[in-house]
Amino acid sequence: MNNIVKSNENVNNPELLEAINEMQENNCPETVNRMIDCVMKAQFITPGIVSEPRNVANTNKNGGTVMRQETQVQFQLIENQEGEKFFPAFTDRDEKDKWEVSKGKHEVLMTFDDYANVLSDKQCNVSGFVINPFGRSVAFPKQMVQSLKTEKDRRAQNSGLTKQEITADDKVQLGDPDPDNYPIDMMASMITFLQERDDVNNAYLKMFKRENDEKPSYLVIIDFDGDKMEEIFRGVAQSADPHLNGYQLSMMPYSIPFAQKAVEDVDPFYSAED
């Protein structure tokens, strides 16, 4: 789970630092969500004392003994005024060096998932982790970490892509989203993702329903260059997931004739030329 940071390894998180600054200057759902998204992708330095690997005997499922090497890490914790202990999570060495206690200690590279896994241990009496405790700090209490980890795992599970074929015998209905319940938040989230891609030209939104479906699903048709379809579709699915409100999401490449016909009189909700 944990990795020792090599002395020549440069650990920086400029995107996260920018997101923290924006959130603290303008605290709103948008800036908080962006900051959390950055935390999920970041790598942090946590000082600790790392023991030499030692042989440990474990019993396998067949009752046999298996020897393996394990490394023990004694983390350096920080306390708040209430006496609660937190893992310090430094975004870079400059922030770490602000803590006198960290000097001479090993540097353990940690991710959000690493903190969540350690904090989930019933024997762990640590109250959470705090980013840059001697700078523009942000605290993540244990309960918040567990909630975010549960939501992250749920999204990862739901973002699996399933390939479905449309045959000539399928009866399919196409329509437009309900103007009284237009998915503005979902579209804004998808646009934010698509703007980061240089291989997406246009994206269209329709409603899609097969004959036996109970209700329609959103249909996103994407015009893109190259061969990164699964990567693009997965990113769109992850950005749309929090805003589906019970609907399903289907996606198609613009390159297939069915998709081209479906949007021949539709303006794209995203265009790289805009």
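Predicted model: local features only at pLDDT ≥ 70, side-chain atom pairs only at ≥ 80, totals over all residues.
Where is the place of Gln76?

Residues are numbered from 1 along each chain as its sequence is written, and side-chain values use heavy atoms, with hydrogens and water left out.

Gln76 sits in the loop between strand S5 (73-75) and strand S6 (78-79), where strands (E, at least two residues) and helices (H or I, at least four) are DSSP runs numbered from the N terminus. Gln76 is buried, at a relative accessible area of 14%; buried means under 20%, exposed over 50% and partly exposed in between (1.4 Å probe, protein chains only). Leaving aside residues up to four places away in sequence, Gln76 touches Pro47, Gly48, Ile49, Pro88, Trp99, Val101 and Lys105, a contact being heavy atoms within 4.5 Å.

The structure holds 13 salt bridges, each a side-chain nitrogen of Lys or Arg within 4 Å of a carboxyl oxygen of Asp or Glu. One of them pairs Lys41 with Glu15, with the closest N and O atoms 3.8 Å apart. Because Lys41 lies in helix H2 (residues 29-41) and Glu15 in helix H1 (residues 14-25), this pair ties together parts that are 26 residues apart in sequence.

Arg136 forms a salt bridge with Glu25, the closest N and O atoms being 3.7 Å apart. Arg136 lies in the loop between strand S9 (128-131) and strand S10 (138-141) and Glu25 in helix H1, so the pair ties together parts that are 111 residues apart in sequence.
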